[in-house]
Amino acid sequence: MRRFLLATALLCATLSGLAGCKGPCRELSEKLCDCSINSVEKEICLQNASREENRVEPTPEQEAVCETKLAGCDCKKIETPEGKRECGIAREGGID
């Protein structure tokens with residue numbers, strides 16, 4: 001069993017670019033990082049996303065919400081109120 005877990009962890013590490021090893025919230029975070037202005041900002045964003053994922057594990061309910069946001073999140077609309085809502089970054093009841 002230990003050998004299987006090690007092999008699975010190794011596979012996830014080598015295939016980390018594929019969605020199968022990441023949860024929907026991590027995927028959404030990375031998608032938002034893709035909207036960064038430049039490669040430095042994107043790298044910082046990705047590091048912060050990784051650090052936050054290690055600090056706080058999303059609940060199944062949060063993962064479900066992230067899953068619904070993934071398809072509609074679009075960098076081209078990220079600066080609009082609609083785009084912020086679609087990506088899950090709009091403030092509830094506040095001005096965007």
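The largest pocket of this predicted model is lined by 20 residues, and Cys 25, Arg 26, Ser 29, Pro 58 and Cys 66 lie nearest its centre. A pocket here is an open set of points on a 1 Å grid over the protein atoms alone, with protein on both sides within 12 Å along at least five of seven lines, and lining residues have an atom within 4 Å of a point. Helix H2 (24-33), helix H3 (39-55) and H4 are the elements that give two or more residues to this lining; helices are DSSP runs of H or I with at least four residues, numbered from the N terminus. The largest share, six residues, comes from H2. The volume of the pocket is about 470 Å³, a volume being the space filled by probe spheres set on the points, which are joined across faces, edges and corners. By class, the lining has 12 nonpolar, four polar and four charged residues. In this scheme Ala, Val, Leu, Ile, Met, Phe, Trp, Tyr, Cys and Pro count as nonpolar, Asp, Glu, Lys and Arg as charged, and the others, Gly among them, as polar.

As the model is predicted, local features need pLDDT of at least 70 and side-chain atom pairs count only at pLDDT 80 or more, while totals for chains, interfaces and linings use all residues. Residues are numbered from 1 along each chain as its sequence is written, and side-chain values use heavy atoms, with hydrogens and water left out.

Arg 26 also turns up among the salt bridges, in a network that links Lys 22, Arg 26, Glu 30 and Glu 53. A salt bridge is a side-chain nitrogen of Lys or Arg within 4 Å of a carboxyl oxygen of Asp or Glu, and the count by this rule comes to seven. Arg 26 meets Glu 30 at 2.9 Å, N to O; the two are four residues apart in helix H2, and therefore separated by about one helical turn. With Glu 53, the closest N and O atoms of Arg 26 are 2.5 Å apart. That pair links distant parts of the chain, Arg 26 in helix H2 and Glu 53 in helix H3, 27 residues apart. Arg 26 is buried, at a relative accessible area of 16%, whereas Glu 53 is partly exposed at 31% (buried means under 20%, exposed over 50%, partly exposed in between, with a 1.4 Å probe and protein chains only).

Elsewhere, Gly 72 lies in the loop between helix H4 (60-70) and helix H5 (81-87). Gly 72 and Glu 86 are 14 residues apart in sequence and 5.5 Å apart in space, C-alpha to C-alpha.

Note on methods: 1 Å grid on protein atoms, 1.4 Å probe; cavity = no way out; pocket = protein on both sides within 12 Å on 5 of 7 lines; lining within 4 Å.
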